[in-house]
Amino acid sequence: MAIKSRFAVSMGDVFPHGAFVVSEVEPVRDFDKSSAGRPVQQLDKETGLPVWSVSVLDADPEARRADKTVAVKIAATQQPVPPEAAAGLPFRPVEFDGLTVTPYVAENGGRPRVAYSLRATGMRAPGGHGSKPSPRQANQDAA
């Protein structure tokens, strides 16, 4: 059985109610290669591209408090630029291209739990160029 560590997912699968950028896009530090006063940016193991991180607010009203804000790592040559803020909102709506999820086991107070790491190849404003509606959005549009 050929199971990879990363699974491709759609934006609608992960963020069915949408998502909002709530931080700056920052380089992810490679702790193994960095030293005091000499930070080294992490490179993606599959593509060799620099890895960036952005915090995202999940707009799902039923999401648990601890799950409301997640980090999405983006492998890209240049620092990704978040979409513009929506009029009247302090946050910037966002969609991710090439979204993948990697499950892993994390310790929480000595108790193991399944956690997830999110990665993408890019980010853009919702409905932007190259946007594909999620199955949920397509069904709503057809109704």
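Which side chain does Arg-6 meet in a salt bridge at 3.7 Å, N to O? I looked it up, and the partner is Glu-46. For the record, a salt bridge here is a side-chain nitrogen of Lys or Arg within 4 Å of a carboxyl oxygen of Asp or Glu.

**Ground rules**

I'm working on a predicted model, where local features need pLDDT of at least 70 and side-chain atom pairs count only at pLDDT 80 or more, while totals for chains, interfaces and linings use all residues. Residues are numbered from 1 along each chain as its sequence is written, and side-chain values use heavy atoms, with hydrogens and water left out.

**Layout**

I went through the elements next: two helices and nine strands in the chain. Helices (H or I, at least four residues) and strands (E, at least two) are DSSP runs, numbered from the N terminus. In order from that end I read β-α-β-β-β-β-β-β-β-β-α. Of the 143 residues, 31% count as buried; buried is under 20% relative accessible area, exposed is over 50%, and partly exposed is in between (1.4 Å probe, protein chains only). I also checked contacts, meaning heavy atoms within 4.5 Å. Among those between residues at least 6 apart in sequence, 62% join residues at least 24 apart.

**Back to Arg-6**

The Arg-6 to Glu-46 pair links distant parts of the chain, 40 residues apart: Arg-6 sits in the segment before β1, Glu-46 in the loop between β3 and β4. Glu-46 is exposed, at 57% relative accessible area. Arg-6 also meets Asp-44 in a salt bridge, at 2.8 Å, N to O. That pair spans 38 residues, with Asp-44 in the loop between β3 and β4. Asp-44 counts as buried because its relative accessibility is 4%. I traced the network too: Arg-6, Asp-44, Glu-46 and Arg-119 are linked by salt bridges. My search of the whole structure gave six salt bridges.

Another one is Arg-64 with Asp-67, at 3.1 Å, N to O. Arg-64 is exposed at 56% relative accessible area, and Asp-67 is partly exposed at 36%.

**Strand β4**

I then followed β4 (residues 51–58) and its pairings; two strands pair if DSSP finds at least two bridges between them. β4 and β2 (residues 19–21) are antiparallel over three bridges, with Ala-19 opposite Asp-58. β3 (residues 26–27) is antiparallel to β4 over two bridges, and Glu-26 has Ser-53 as its bridge partner. With β5 (residues 69–75), β4 pairs antiparallel over seven bridges; I noted Ser-55 with Ala-71 there.

**Asp-60**

Leaving out residues up to four places away in sequence, Asp-60 touches His-17 and Lys-68.

**Pocket**

Last, I looked at the largest pocket. A pocket is an open set of points on a 1 Å grid over the protein atoms alone, where a 1.4 Å probe fits, with protein on both sides within 12 Å along at least five of seven lines; lining residues have an atom within 4 Å of a point. The volume is about 510 Å³, taken as the space filled by probe spheres set on the points. The lining has 17 residues, and Ala-66, Asp-67, Val-70, Ala-115 and Tyr-116 lie nearest the centre. β8 (111–120) and β5 each supply at least two lining residues, and β8 gives the most, with six.
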